[in-house]
Amino acid sequence: MAMGSMLCVQLGLAVAVTLIDRLGADGTAWLRLGWAGVLMLVIVRPRPSAFTRRSFGYSVALGVVTALITLLFMAALERIPMGTASALEFLGPLGVAVATAGAGRRVLWPALAAVGVLLLTQPWAGHVDLIGVGFALTSAIFWACYIVLTQRVGDDVAGANGLAVSMATAGLVATIAVGPLAFGRLTPELILFGLGLAVLLPVIPFTLEFFALRRLTTSAFGTLMSLEPAFAMVIGLIILHQVPGPAAMAGIGFVVVAGIGAARAGARPAPLLTEVGR
């Protein structure tokens, strides 16, 4: 499930990048999230009885975080290559993995990741897009929150009820934040294209991640997700013709190794199910 999620995410992002010129980064993110929220509500039809007040709050918080990740990352893709943006965003999950690692390894993995970031951004070259890097790094912070909240919602709410509420919330947040800016650029063709894109990203991958995080330890899931920057580099090369230089390839390699190392050092205990009615 985690591997399928990564493939869908990177394919979906590559396709989404092609819409930026027509709809803008914010409009593309909104179209995906808006359709995804509608689809999840129609398909799942979440039951109020599945939630406690606390678990519903976590689901809403997860939706807000999901919207922020998507909006920020699409803004980053407008400015920097997909492989670089993905590697920078991965620092969020890396931070979660480092937090569960042994004390002796909490310096090694961030140090490797820092080397990777320097190679990816190459500040000495003077042509790094600091705004794009800032968007990706801010997205990384929210991705760390996303992992923690997804595990909490997955533990507390049966089935996909929590995911449906979170995706509907994400769509609502995106609509309020940027929807009015994109309304005038919509065409029937873009609306239908956005529906298909929403299925590819985020409906399928977020659903796969949601259930994967119920079944995998933090170690196993983090190790698999460590490969995502490499997926992004390959998809960016094939679909978007973004050719990485030697330094960028080495930087992604450092980030991937740091992610695998940190994830393998941490583990998640079996969750205690507290969801209503289970």
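In this predicted model, helices α7 and α9 are roughly perpendicular to each other, because the angle between them falls in the range of 65 to 115 degrees. The angle at which α7 (residues 130-156) and α9 (residues 188-215) pack is about 70°, and their axes lie 9 Å apart. The crossing in which α7 passes α9 is right-handed. On the α7 side, the contact is made by Tyr 146, Ile 147, Thr 150, Gln 151, Val 153 and Gly 154. On the α9 side, Phe 206, Glu 209, Phe 210, Leu 213 and Arg 214 take part. The residues of this contact comprise 6 nonpolar, 3 polar and 2 charged.

When residues up to four places away in sequence are not counted, Met 74 touches Leu 13, Ala 16, Ile 20, Ala 25, Thr 28, Ala 29 and Arg 32. Ala 29 is also in contact with Leu 71, a residue of helix α3 (residues 53-77).

Gln 10 is found in helix α1 (residues 2-17). Apart from residues up to four places away in sequence, Gln 10 touches Met 82, Ser 86, Glu 228, Phe 231, Ala 232 and Ile 235.

Gly 159, by contrast, lies in a loop, the one between α7 and α8 (161-182). Gly 159 and Val 44 are 115 residues apart along the chain, and their C-alpha atoms are separated by 8.9 Å. For Leu 71 and Leu 33, which are 38 residues apart along the chain, the separation of the C-alpha atoms is 9.4 Å.

| Residue | Relative accessibility | Class |
|---|---|---|
| Gln 10 | 1% | buried |
| Leu 71 | 16% | buried |
| Gly 159 | 29% | partly exposed |

Leu 71 counts as buried because its relative accessible area of 16% is under 20%.

Definitions and conventions. Residues are numbered from 1 along each chain as its sequence is written. This is a predicted model: local features need pLDDT of at least 70, side-chain atom pairs count only at pLDDT 80 or more; totals for chains, interfaces and linings use all residues. Side-chain values use heavy atoms; hydrogens and water are left out. Axes are lines fitted to C-alpha atoms, for helices over the stretch in contact, and angles run from 0 to 180 degrees between N-to-C directions. Helices (H or I, at least four residues) and strands (E, at least two) are DSSP runs, numbered from the N terminus. Angles under 35 degrees count as roughly parallel, over 145 as roughly antiparallel, 65 to 115 as roughly perpendicular and the rest as oblique. A crossing is left-handed if the near helix is turned anticlockwise from the far one by less than a right angle, and right-handed if clockwise. Contact means heavy atoms within 4.5 Å. Ala, Val, Leu, Ile, Met, Phe, Trp, Tyr, Cys and Pro count as nonpolar, Asp, Glu, Lys and Arg as charged, and the others, Gly among them, as polar. Buried means under 20% relative accessible area, exposed over 50%, partly exposed in between (1.4 Å probe, protein chains only).
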